Amino acid sequence: MANVAVVGAQWGDEGKGKIVDWLSSRADVVVRFQGGHNAGHTLVVGDQVYKLSLLPSGVVQGKPSVIGSGVVVDPWHLLSEIEKLAGQGVKITPDILILADNASLILPIHRDLDQARENEAGASKIGTTGRGIGPAYEDKVGRRAIRVADLADPAALDAKLPRLLAHHQALRRGLHLDEVDGEALKQSLLEIAPKILAYAQPAWRVLDTAIKAGKRILFEGAQGALLDVDHGTYPYVTSSNTAAGQAAAGSGVGPSSVGYVLGIVKAYTTRVGSGPFPTELFDEVGNHLGTVGKEFGVVTGRARRCGWFDAVLVRQTIAINGIHGMALTKLDVLDGLPTLKICIGYRIGDREVDYLPAGQTDQAAATPIYEELEGWSESTHGARSWKDLPAAAIKYVRRIEELVGAPVALLSTGADREDTILMRDPFVG
C-alpha cells in the first residue's frame with residue numbers, strides 16, 4: 001500500500017478538502033506540510049459543513065493529524081479553529097492533533113506587516129490574505145522566527161525576541177506603524193503557551209514510527225502548484241513551496257516515503273487575487289462558472305476569477321509535481337453549457353508556445369489557443385459510476401487526460417463525500 005500526497009494542480013481552490021476528506025477514511029495519519037491559515041478547505045459530511053484553514057482534514061474523522069514544520073502557525077487562530085470544531089461536535093485532543101515542535105509561529109506583527117505592505121502597494125498588490133503568512137516565512141528563512149518549542153523556554157524568548165523586533169521595528173517605522181511592545185508580546189506568548197504546547201511533539205518522530213509500522217499516510221497540500229514560490233506565476237504566488245516535493249521536507253520524512261502523488265484538478269480554472277490568467281472569462285460563461293460553482297474563497301470570501309480549462313498549465317504542473325493521477329473535480333458545474341473550450345497553447349506576440357514562460361511580461365501577454373468540444377445537457381451532479389455520465393462528458397474527461405498526460409483516478413461530481421467515481425485507488429498505487 002502506498003502513502004499519498006495530495007497537491008492542487010492549478011491556482012488552488014480545486015476541491016482538495018473534499019478529496020482529502022474522502023481519502024482520509026482510507027488513511028491512518030493525515031499531515032499538513034506547508035502554508036498557513038490562508039488556505040481554506042470545505043468538508044461536507046452529511047448535513048454538516050466543516051470549514052478548515054489550518055487543521056488537517058483528518059481531524060474531522062478522528063484520524064491522527066499532524067501539522068508539519070513546513071507550516072507557519074498562528075497559535076491564536078489554531079485555538080479558535082479547535083474551539084469552532086468543538087462547537088460542531090468534533091473534539092480535538094493531543095491524541096488526535098500533533099503540532100511539530102519545530103514549526104515557526106505567525107505573530108501579530110506578521111499580520112500587521114502583511115496588511116501594511118499590501119496597502120502601500122496600491123495597484124501592484126499581490127492579493128495576499130493579509131494573515132501574516134509571507135512575513136512569517138521571511139522570518140523563518142531569515143533565522144529570526146519564534147518556533148513552537150520556544151514557547152516552553154522563556155530564556156529562548158528573551159534571546160530571540162530582541163533580534164526579531166530589531167528587524168520589525170525598522171520596517172514598521174518605514175510603514176508608519178507604531179513600534180511593538182516587546183514585553184507585551186512575550187507575555188501574550190507565555191499566556192498561550194500551555195494550550196499550544198499540549199499538542200507539540202517531534203512530528204518527524206511520530207511519522208517515522210508510523211511509517212515503520214506500515215501505516216498509510218496522507219500528505220495534505222494547501223493552495224496550488226501555480227502558487228509555488230519557485231514554480232508558480234511569480235511574484236503572484238504564495239510564500240511557500242506548494243509542490244509535491246515539499247511533502248517530504250515540510251513533514252520531516254524522506255522523499256521515498258511520499259509515495260503516490262495525486263493532483264487535484266478542477267474541470268475548469270479559477271484564481272483568487274492578482275496575476276496572469278490566460279483563460280479568464282468575463283462573459284456569461286464566466287458568470288455561470290462562478291455562480292454554479294459557488295466560487296468564493298473559504299478564508300476571504302472573495303469571488304474567484306473563472307475561466308476555461310487550461311491544459312498547458314496542468315501539463316506543466318503534472319511534470320513539476322510528478323503527479324501519477326488526477327482527481328478531477330466540479331465536472332457537474334459544466335452541465336448545460338453547449339460548447340466547452342480547452343486551452344492547448346498560447347500566443348505571445350508572434351510566437352506560439354506550449355508552456356507558460358517564467359517571465360512576468362510574457363505571462364501577462366499570453367493569450368489562449370483553444371480547442372472546442374461539444375457540451376452536454378444532461379446532469380452529471382451526484383453521478384457515482386462511469387456509466388452514469390453522458391457520452392460528451394466522458395469525451396471531455398478523456399481529452400483532458402490526453403492533453404495533460406495523466407489519468408483521472410477519481411472524478412468528483414458534487415460536494416458530498418460520496419459523490420465520487422473511483423477509477424483507481426491512490427493508496428494501492
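**Close-up views of a predicted model**

**View 1. Exposed and buried sides of helix α9.** Glu284, Asn287 and Thr291 are exposed and lie on the face of α9 that is turned away from its buried side. The model shown here and in the other views is predicted. Helix α9 spans residues 284-292, and its buried residues are Gly286, Leu289 and Gly290. These three residues are on the same side of α9 because they cover an arc of only 95° around the axis. Strand β13 (305-307) is included in what covers the buried residues of α9.

**View 2. The two ends of helix α9.** At the start of α9, the backbone nitrogen of Val285 has a side-chain oxygen of Asp283 within 3.1 Å. After α9 comes Lys294, which has a positive phi, near 50°.

**View 3. Burial of strand β1.** Strand β1 is formed by residues 4-8, and five of its five residues are buried. Both faces of the strand are covered. Val4, Val6 and Gly8 are on one side of β1, and Ala5 and Val7 are on the other.

**View 4. Strand β1 and its pairing with β11 and β10.** Strand β1 runs parallel to β11 (residues 260-266), and five bridges join the two. Within this pairing, Val4 has Tyr260 of β11 as its bridge partner. Strand β1 also pairs with β10 (residues 217-220), in the parallel sense and over three bridges. Here the bridge partner of Val6 is Glu220 in β10. Val4 and Val6, the residues of β1 named in these two pairings, are both buried and lie on one side of the strand.

View 5. His77 is located in helix α2. The relative accessibility of His77 is 17%, so this residue counts as buried, the cut-off being under 20%. The side chain of His77 makes a polar contact of 2.9 Å with the side chain of Ser53. Leaving aside residues up to four places away in sequence, His77 touches His37, Ser53, Leu54 and Arg131.

View 6. Thr93 belongs to the loop between α2 (75-87) and β7 (97-100). With a relative accessible area of 23%, Thr93 is partly exposed. Along the chain, Thr93 and Arg173 are 80 residues apart, and their C-alpha atoms are separated by 41 Å.

Definitions and conventions
Residues numbered from 1 in each chain as written. Predicted model: local features only at pLDDT ≥ 70, side-chain atom pairs only at ≥ 80, totals over all residues. Heavy atoms only, no water. Buried < 20%, exposed > 50% of the residue type's maximum accessible area, 1.4 Å probe, protein only. Helix = DSSP H or I, 4+ residues; strand = E, 2+ residues; numbered from the N terminus. Arc of directions from axis to C-beta. Contact = heavy atoms within 4.5 Å. Polar contact = N/O pair within 3.5 Å; in protein donor to acceptor, adjacent residues only side chain to side chain. Pairing = 2+ DSSP bridges.
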